[in-house]
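The exercises below are to be worked through with the sequence and the model in view. Each task is followed by a solution in steps.

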Amino acid sequence: MGTNRAWWGLVVLLLPALLVAMDMTALFLALPQLSAALGAVFVRRQLRLESPLLDLRLFRNRPFTAVIVALVFAGIAMAGTGLLVTQYLQSVLGFSPVLSAILFAPMGLGTAAGTMLAPALARRMSHTSAIAGGLAVSALGSLLLIFVGTAGPGALPLVMTGITVLALGTGPLFALGTGLIVGSVPPERAGSAAALSETGNYFGGSLGFALLGVVAAIVYRSHMSGTPSDALATSDSLAGAIAAAARLPAEPAAVLLDAARTAFTAGLHVNGAVAAVIFTGLAVLIRAMRPATSAAKAPLPDQEPAHQPS
């Protein structure tokens, strides 16, 4: 009975993977026709069109570019942190997936709270000051992750506080950043600007999974390679170490798990440091940004302002 349920579970898990594989295969097969129809690398064609699908000329506008960069790099820091913290809660502190999801909820709630707080901040200071101040708060939250340990009563409160403060500080960027982007371009380009802001954040999230995930893996392997035990040296991930420990006697298994959890936590520390540097750099960038000009008076990036008759 148990074997049948396992097979049925495997079938259910394979169905979405099959749909994704079919979808990607269809895209690959359609690429030649899509390239011909769109005139694709795409970028040169978009620069020549009067009404491009992706208006790259918007990047000539400094406030626009600054906020887009902030959204991309904030997405990198948040996605990388989320990737490692969720694994830390389960594989280092030993919580179940459901409980880990509940414990990770403060990151989403922090972003929501920061977003709702942003309008009140904007009434008391400029939008750029509110965003820069929020990003500085995110940097402080990231720094808290550097002090997280592998065990002890303070590990969980510290990591939860860190992700909450980090997420809280990003709220003004997400709430006010799009307004700055749209306000920095003429009305006829507002839709393209808003679309680019949304794309920038998702693009940053994808990069965060890849880049900070790779950094954490490098840190993990460097820590594990310094151990004399063959069992430790052959474990290339925390999940692999947990699986290997299940096949070992109690004492070697405990040694392996302790080393693997320490190595993974070191990767989390590096992630916290990298995220703090990112948020600090973004805060400086946004603070130095010139206020957006009025959308009604701003010329198109590729046009000269009209001269009034004397």
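Contact, as used throughout, means heavy atoms within 4.5 Å. The model is a predicted one, in which local features need pLDDT of at least 70, side-chain atom pairs count only at pLDDT 80 or more, and totals for chains, interfaces and linings use all residues. Residues are numbered from 1 along each chain as its sequence is written, and side-chain values use heavy atoms, with hydrogens and water left out.

**Exercise 1. Determine how many helices and strands the chain has, and where its confidence is lowest and highest.**

Step 1. Helices (H or I, at least four residues) and strands (E, at least two) are DSSP runs, numbered from the N terminus. On this basis the chain has ten helices and zero strands.

Step 2. The pLDDT is the predictor's confidence in each residue, from 0 to 100. Its average over the chain is 81, and 80% of the residues score at least 70.

Step 3. Confidence is highest in helix 5 (residues 127–144), with a mean of 94, and lowest in helix 8 (residues 230–233), with a mean of 49. Over residues 292–310 the pLDDT is below 50, and this stretch has 26 contacts in the model beyond near neighbours in sequence. Where pLDDT is low, the predicted coordinates should not be read in detail.

**Exercise 2. Describe the span of helix 5 and state which helices its buried residues pack against.**

Step 1. Helix 5 has 18 residues and reaches 26 Å from its first C-alpha to its last. This is close to the 26 Å expected at 1.5 Å a residue, where the expected span is 1.5 Å times one less than the number of residues.

Step 2. Buried means under 20% relative accessible area, exposed over 50%, and partly exposed in between (1.4 Å probe, protein chains only). The buried residues of helix 5 include Gly 134, Leu 135 and Ser 138.

Step 3. The buried residues of helix 5 pack against helix 4 (97–124), helix 6 and helix 10 (250–288).

Step 4. His 127 also lies in helix 5, but counts as partly exposed because its relative accessibility is 32%. Not counting residues up to four places away in sequence, His 127 touches Ala 122, Leu 176 and Leu 180.

**Exercise 3. Is Thr 170 buried or exposed, and which residues does it contact?**

Step 1. Thr 170 is located in helix 6 (residues 155–183).

Step 2. Its relative accessibility is 0%, so Thr 170 counts as buried.

Step 3. Leaving aside neighbours within four places in sequence, Thr 170 is in contact with Met 78, Thr 111, Gly 134, Ser 138 and Phe 279. Gly 134 and Ser 138 are among the buried residues of helix 5.
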